[in-house]
Amino acid sequence: MKSGFAALIGRPNVGKSTLMNHLIGQKIAITSGKAQTTRNRIRTVYTDERGQIVFEDTPGLTGVKNRLGNYMAEVAEKTIGEADLILWIAAADDGIGAAETEIAARIRRAKKPLILCMNKIDQVPERSKLMESIERYQHLAAPDELVAVSALKHQNIDLLLDTIYRLLPEGPMFYDESTVTEQPMRDIAAELIREQALRLLRDEVPHGIAVTVERMRERDDGSLTDVDATIICERDSHKGMIIGRGGQMLKRIGTGARIAIEEMSGSKVNLKLWVKVRREWRNNETQLKSFGYDVRSIRR
Ligand SMILES: Nc1nc2c(ncn2[C@@H]2O[C@H](COP(=O)(O)OP(=O)(O)OP(=O)(O)O)[C@@H](O)[C@H]2O)c(=O)[nH]1
Ligand SMILES: [Mg+2]
């Protein structure tokens, strides 16, 4: 049997979380067109007759200058350090800039088996352009293997799984074969609410949002799950935008999140949302911890 930890590393917005969801065949990590969607390490498990791959999705590597940004960078750093294999995700329609050069240097220092996953190939229909892009990245990181994929269109996902197995060491199963994630349902529910906020709100507002779920409980007769959650934001003006005129925006966020939580939990959901202001929470250690951004949580 083959088994091990595969870290998904790369710049924000290249499709790491989308790719992980497609690799395991289930939506666990939230995704959006905005950078810095993922803030925590999201661990998922893929098991088949060949063995077990433990995927670890990470926040995109950027230099965001606040404590939350430091935490996110530390998550990626620790995940690289503990991985058996690194999947460097890049987007085929992106050029190489300072961020890529830095990530390549960091990955080379780790001296671990490396697969370069060139994602979003659907965005670069001209083969010659795609090859050019791939060559530049190969030159930068000298990967052991290269796989061109489209996470969104589910192209070459099986090929990527084959390639991962080829590079993984022999080893035991770390999780029960039925395990897909050990993330508690209420944490996933909080993320699904944040995902709607990221998709529906503009500019700086979604980046300053955290979500906590105070209660998630199925009623005794099994008919409904009650979810009480709070959206935390940084300013009164942001709170106004989150609620929207006549409560319209909060209603849209709530409806989208309710449907997503219902899909995930397989139960009808009654979602109640509150909005609170916590000034500068992204720079406040105590508040960061209470919203789930705690370095203790990234120990294996
Ligand atoms: N066209 C295209 N878009 C993709 C593909 N994969 C992901 N995307 C889109 O790219 C955007 C970013 O995807 P995410 O999976 O959230 O990216 P990420 O790398 O996890 O981003 P962070 O968590 O912010 O670091 C989303 O709008 C996705 O739908 C792909 O193969 N093709
Ligand atoms: Mg992500």
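**Reading the ligand site, pockets and cavities**

User: Which helix gives the largest share of the shell around ligand 1?

Analyst: Helix α1 (residues 16-24) does, with three residues. Helices are DSSP runs of H or I (at least four residues), strands are runs of E (at least two), and both are numbered from the N terminus. The model is predicted: local features need pLDDT of at least 70, side-chain atom pairs count only at pLDDT 80 or more, and totals for chains, interfaces and linings use all residues. Residues are numbered from 1 along each chain as written, chains are lettered from A and ligands numbered from 1 in the order written, and side-chain values use heavy atoms, without hydrogens or water.

User: How many residues surround ligand 1, and of what classes?

Analyst: A residue counts if a heavy atom lies within 4 Å. Here 24 do, and K16, T18, T37, T38 and D122 are the closest. The shell holds 14 polar, five nonpolar and five charged residues. Gly counts as polar, and Asp, Glu, Lys and Arg as charged.

User: Which polar contacts reach an oxygen atom of ligand 1?

Analyst: Look for N or O pairs within 3.5 Å. A polar side-chain atom of T18 lies 2.5 Å from a ligand oxygen. A backbone N or O atom of N13 is 2.9 Å from an oxygen of ligand 1, and a polar backbone atom of G15 is 3.0 Å from one. On its own, ligand 1 has 660 Å² of accessible area (Shrake-Rupley, 1.4 Å probe), and the protein covers 90% of that.

User: Where does ligand 1 sit?

Analyst: In the second largest pocket, by the test that more than half of its atoms lie within 2 Å of the grid points. A pocket is an open set on a 1 Å grid, with protein on both sides within 12 Å along at least five of seven lines; lining residues have an atom within 4 Å of a point. This one has about 410 Å³ of space. Its lining has 26 residues, with N13, G15, T18, S32 and K120 nearest the centre. Helix α1 gives the largest share, three residues.

User: What lines the largest pocket?

Analyst: Its volume is about 680 Å³. Of 28 lining residues, N40, Q183, P184, D187 and G292 are closest to the centre. Helix α6 gives five, the largest share. By class, 12 are nonpolar, nine charged and seven polar.

User: How many cavities are there?

Analyst: A cavity is a set of points where a 1.4 Å probe fits but cannot get out. There are four of 30 Å³ or more.

Technical notes:
A polar contact is a pair of N or O atoms within 3.5 Å; within protein, one must be able to donate a hydrogen and the other to accept it, and residues adjacent in sequence count only if both atoms are side-chain atoms. Grid points are joined across faces, edges and corners, and a volume is the space filled by probe spheres set on the points.
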